[in-house]
Amino acid sequence: MSFTLARFILTSGISTQAGSTARNHGSLLLTPRARKFTTTAIPLAQKSSEELLVVVGGGAAGVFGAIRAKTLAPNLKVVVIEKGKPLSKVKISGGGRCNVTNGHCTDNLILAEHYPRGHKELRGSFFYTHGPVDTMSWFSDHGAKLKIEDDGRVFPVSNSSSSIIDCLMSEATRLGVSLQTGKAVTTASATSGGKFLIKIEKRTINYVEYVEADYLLIASGSSQQGYSLAAQLGHAIVDPVPSLFTFKIEDSQLAELSGVTFPKVKAKLKLDNVQSNIPQLTQVGPMLVTHWGFSGPVVLRLSAWGARNLFSSGYKGMLVVDFTPDLHIEDVKSILNKHKHQFVKQKAVNSCPSEFGLVKRFWKYMLDREGLSEDMLWASVSNNSLISVASLLKHCKFKVTGKGQFKDEFVTAGGVPLSEIVLNTMESKIHSRLYFAGEVLNVDGVTGGFNFQNAWSGGYIAGTSIGKLAINAYLQEGVL
Ligand SMILES: Cc1cc2nc3c(=O)[nH]c(=O)nc-3n(C[C@H](O)[C@H](O)[C@H](O)COP(=O)(O)OP(=O)(O)OC[C@H]3O[C@@H](n4cnc5c(N)ncnc54)[C@H](O)[C@@H]3O)c2cc1C
């Protein structure tokens, strides 16, 4: 049987089957060997008034967007196509606990500053429409009790990401959102009638469906396939690069200190390809030594703000750390001087001034770097050595030689540029009724729940816009 797209659409257009409607929410299954049509898992629309939203991706943004659209417009048929398992990143997130959002950022301007990509654009309507407080209320109202930890991270009281998954899945089921797993949307194009023709394939068997949707929400995370769909629909893609990683440091003695933590350092990342002084490339906070270098909030924030420049520099740079950020260098010198005179007969390596708050192992490392032997008594430490130690404490340089991993969180910088999206609706500026939400956009946050917040906010706004349009369409048909 010869088979063309045009004929296919005509054949599956339901113009004869479902009365005179021009709508096509049905789809056909084409098995290449048998070349046979059968009706498929996505049921045909029963009423002329029933519109179809297809959501690409059953992650946080897609599922939340689907729920919101279906909440506002119960008459809208909402189908989520997920190529793997739904909410799989929610499952593994936050070490299995799911850091849902951040509870310390109630000021939306401050909140926006936590997004290396998006900090300017997200200052506007985005978080005002659905911010962290709304996220917390939504989950609490739907049975997932949350708690805010001291550092602002919000987790389910159960300490298990399953609570979040169960909450979202049961709400989606209750509303009648159709979640189809094991299927990928492989191509998408806009039809002359202002709809979207979507090709859906199963990865395991020869199986192809074509669906015509009234609304399309692309919430495909950092998947290459999702970027490709956006590009097919005319969108640009900012090259995706990793964000949120640890630093590999070339220093064998440092590696022996793995596990040492610093409650507060000030660290500056210097990169050859960054000429201007970018304030965010200096960060203050906790840091820790790993087997391969440094990790901790300070390093992760630097990795996020420097993600693009680090990528183009091949992850080579210099980390300059101030281990006593609350002390002026002159104070550090006078503390050292006083300590020397107080403990003249003690080995320098065995007594670190308590004001510095450093563990003995790290103090020994610093003295080693200055060439002070293990047996040297404070009495023998020269004034020049004291000055050098003070200067090392304030400006300790480490050569960054590569990128490690951060097992608790990992995101991709890059994706669909925000300049191509209307942020108060999440609609594409290129095609009406096409929406984006979540990590597929060129938005990424630092650690602390900010990445999920982007997904909840984007999904909510897109779902609201689609739901409102669907309700209006329904009303205009005079059904209500
Ligand atoms: C290990 C880890 C831990 C994390 N922990 C946290 C945390 O605690 N807090 C936090 O805020 N952030 C965390 N993040 C980041 C957070 O998970 C993401 O920012 C968030 O999941 C993005 O949501 P999304 O819905 O946009 O994308 P995703 O969650 O990636 O969902 C996209 C979905 O789309 C599907 N898909 C893609 N293409 C197609 C296609 N063509 N057809 C069908 N389906 C498709 C994918 O299979 C995927 O399920 C973590 C990330 C990782 C990797």
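Modeller: Two residues are in contact here if their C-beta atoms, placed from the backbone, lie within 7 Å. Keep in mind that this is a predicted model.

Start with L217. Set aside its neighbours within four places in sequence. L217 is then in contact with L53, V55, V56, G62, G65, Y435, A437, A462 and I466. Two of these partners, L53 and V55, come up again in the core as a whole. The largest nonpolar core has 120 residues. Within this core, L53, V54, V55, I198, L216 and L217 touch the most other members. Helix α15, residues 450–476, supplies the largest share of the core, ten residues. In general, nonpolar side chains tend to be buried together in soluble globular proteins.

Now turn to F64, a residue of helix α2. A residue is buried if 20 or more other C-beta atoms lie within 10 Å of its own. F64 has 30 such neighbours, so it counts as buried. Leaving out residues up to four places away in sequence, F64 touches A455, W456, G459, Y460 and G463. F64 and A437 are 373 residues apart along the chain, yet their C-alpha atoms are separated by 9.8 Å. A437 is also one of the contacts of L217.

V79 lies in strand β4. V79 has 23 C-beta neighbours inside 10 Å, so it counts as buried. V79 and S178 are 99 residues apart in sequence, but C-alpha to C-alpha they are 4.7 Å apart in space. E212 sits in strand β11, residues 208–213. Is E212 buried or exposed? It is buried, because 22 other C-beta atoms lie within 10 Å.

Consider the chain as a whole. It has 480 residues, and 44% of them count as buried. Its secondary structure comes to 15 helices and 23 strands. Take the contacts with a separation of 6 or more: 73% of them are accounted for by residues 24 or more positions apart.

The ligand comes next. It has 37 residues around it, and G57, G59, G94, G221 and G438 come nearest. The elements that give two or more residues to this shell are α2 (60–72), β4 (77–82), α3 (88–96), β9 (183–190), α8 (224–232) and α15. Which element gives the most? It is α3, with five residues. By type, the shell divides into 14 nonpolar, 17 polar and six charged residues.

After α6 comes G143, with a positive phi near 95°.

Finish in the loops. N159 is in the loop between β7 (153–156) and α7. N159 is not a glycine, yet its phi is positive, near 60°. It has 13 other C-beta atoms within 10 Å, so N159 is partly exposed. Y315 is in the loop between α11 (307–312) and β18 (317–322). Y315 also has a positive phi, about 60°, without being a glycine. With 19 other C-beta atoms within 10 Å, Y315 is partly exposed. D272 is in the loop between β15 (261–270) and β16 (282–289). D272 has 11 other C-beta atoms within 10 Å, so it is exposed. Its C-alpha atom and that of L310 are separated by 9.6 Å, although D272 and L310 are 38 residues apart along the chain.

Terms used: Residues numbered from 1 in each chain as written. Predicted model: local features only at pLDDT ≥ 70, side-chain atom pairs only at ≥ 80, totals over all residues. Core = buried A, V, L, I, M, F, W, Y, C linked by C-beta atoms within 7 Å. Buried ≥ 20, exposed ≤ 12 C-beta atoms within 10 Å, placed from the backbone. Helix = DSSP H or I, 4+ residues; strand = E, 2+ residues; numbered from the N terminus. Near = placed C-beta within 6 Å. Nonpolar A, V, L, I, M, F, W, Y, C, P; charged D, E, K, R; others polar.
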